[in-house]
Amino acid sequence: MTHARPLRSTTTGAIRGSIRVPGDKSISHRSLMLGAIAVGETVIHGLLEGEDVLHTAAAMRLLGAEAERSDDGQGGGVWRVRGVGLGALQEPAQVLDMGNSGTAARLLMGLVAGHPITCVFTGDASLNKRPMARVTKPLEEMGARFVGRSGGRLPLTVVGSGELVPITYRLPVASAQVKSAILLAGLNTAGATTVIEAEPTRDHTELMLRHFGATVTTERLEDGALAVTVTGQPELTGRTIHVPADPSSAAFPAVAALLRPGSELLLNDVGMNPRRTGLYDTLVEMGADIAFENRRDQAGEPVADLRVRHSALKGIVVPADRAPSMIDEYPVLAAAAACAEGTTVMLGLKELRVKESDRLAMVAEGLTRCGVSVEVGADDSLTVHGTGKPPKGGATVLTAMDHRIAMSFLVLGMATEQPVSVDDGAFIDTSFPDFVGLMNGLGAAIVEA
Ligand SMILES: O=C(O)C1=C[C@@H](OP(=O)(O)O)[C@@H](O)[C@H](O)C1
Ligand SMILES: C=C(OP(=O)(O)O)C(=O)O
């Protein structure tokens, strides 16, 4: 990103239409990474062509895989990845730049840790502030080495090994990225590597590893935790993948439709993996009229078409144990809560502090600027007091290089008395290219500020 892109969103009429938001970002990263270490060709339909995923594609090329895009004849792209085989990633001659993406950085550090190569990782100013010790610590226990800045942040150098030792690791934080990094390192490790998670986080890595031919088991332990085990050194074979539409991206047009009278919106092919649908459960509890139609399985992932209609929302308490299944959706939920009648309390949000921005602080600051009464608790809870009337708006919200802060407040601006501006919408391209065009096609009014 070079130049800031201020945007302004103005109260709109109904949000109406039928769209497909871009492909799931988590599944897109994983399809490129596993395709790169499989034997043969992997064909990916519906890959998210956002900047985060394009950084992963560029990194896989530097690590020796081929990854080429061609038109699918329907206005989209088909990606073909020719893998090098497990253990055969090549030492890159350049720094691996992960841009704004925590998923790309952490999963790829796990993958290269299990290879006898040395790689230098960096990211943008946002990513280089984010904690990486949560990944480097277990990987060091397996035998990889890391050299970098104090506090284990990027830029850092990974000295991988083809002779890692398997571990059983209990996650100290509910993080699918940490779980995935350890499982990916365990792929090229003799024996069984196990990750224990007290709370179920997204399981796209497990599902996709099985799809490519690895043996991955998930066992519920007596204390209720899940033990995920990968058997090392599988034969991974190139596959065809159909990436569903991203439920985290669909959340933005969905909330916009809920907030605007007269709205009826159809969101097609949305991924409905139960580890990702906490926001939709929450919105329905708040009174949202959302129909989940045409439920089906698509290449191992559940999918549905969501029909969303304007609804009068009520404030509720969102329990902490729901956080892993909606961890990226709290900013847009807060926008919905600001327009609801009554108070919404969101519990267990400590992890929001270390996303692309400190989302807890940025959401509270932005809502306050828009005239919404909000509190951040000492327990990292977020409380939003909705009045059932449109918030005042009329502010410019700081986005801190965070795509979801930008999109959430542009959605809020569709329902406020006065327009809401964001200081920089450029980072929306990391996860939702053409967000502005798609939303304006539904009836929004987002313009360059
Ligand atoms: O594994 C993944 O693809 C992701 C996991 C989540 O991060 P954590 O695992 O750090 O919670 C989420 O915030 C991120 O957008 C994508
Ligand atoms: C936190 C997110 O992604 P990442 O961790 O990959 O930067 C996100 O997409 O909200």
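Which residue has a polar side-chain atom 2.6 Å from an oxygen atom of ligand 2? In this predicted model, Lys25 places a polar side-chain atom at that distance, 2.6 Å, from a ligand 2 oxygen.

**Surroundings of ligand 2**
- Ligand 2 is surrounded by 13 residues, the closest of which are Lys25, Thr103, Arg130, Gln177 and Arg404.
- From Thr103, a polar side-chain atom lies 2.6 Å from an oxygen atom of ligand 2.
- In the side chain of His403, an N or O atom is 3.4 Å from an oxygen atom of ligand 2.

**Surroundings of ligand 1**
- Asp328 has a polar side-chain atom 2.6 Å from an oxygen atom of ligand 1.
- Ser175 likewise has a polar side-chain atom 2.9 Å from an oxygen atom of this ligand.
- For Gln177, the atom concerned belongs to the backbone: a polar backbone atom is 2.8 Å from an oxygen atom of ligand 1.

**Packing of helices α3 and α4**
- Helix α3 spans residues 102-113 and helix α4 spans residues 133-142; their axes are 10 Å apart and form an angle of about 15°.
- Because angles under 35 degrees count as roughly parallel, α3 and α4 are roughly parallel to each other.
- The two helices, α3 and α4, cross in a right-handed sense.
- Helix α3 contributes Arg106, Met109, Gly110 and Ala113 to the contact, while α4 contributes Arg134, Val135 and Leu139.
- Of the residues in this contact between α3 and α4, four are nonpolar, one is polar and two are charged.

Technical notes. Residues are numbered from 1 along each chain as its sequence is written. Chains are lettered from A and ligands numbered from 1 in the order in which they are written. This is a predicted model: local features need pLDDT of at least 70, side-chain atom pairs count only at pLDDT 80 or more; totals for chains, interfaces and linings use all residues. Side-chain values use heavy atoms; hydrogens and water are left out. Axes are lines fitted to C-alpha atoms, for helices over the stretch in contact, and angles run from 0 to 180 degrees between N-to-C directions. Helices (H or I, at least four residues) and strands (E, at least two) are DSSP runs, numbered from the N terminus. Angles under 35 degrees count as roughly parallel, over 145 as roughly antiparallel, 65 to 115 as roughly perpendicular and the rest as oblique. A crossing is left-handed if the near helix is turned anticlockwise from the far one by less than a right angle, and right-handed if clockwise. Contact means heavy atoms within 4.5 Å. Ala, Val, Leu, Ile, Met, Phe, Trp, Tyr, Cys and Pro count as nonpolar, Asp, Glu, Lys and Arg as charged, and the others, Gly among them, as polar. A polar contact is a pair of N or O atoms within 3.5 Å; within protein, one must be able to donate a hydrogen and the other to accept it, and residues adjacent in sequence count only if both atoms are side-chain atoms. A residue is near a molecule or strand if one of its heavy atoms lies within 4 Å of it.
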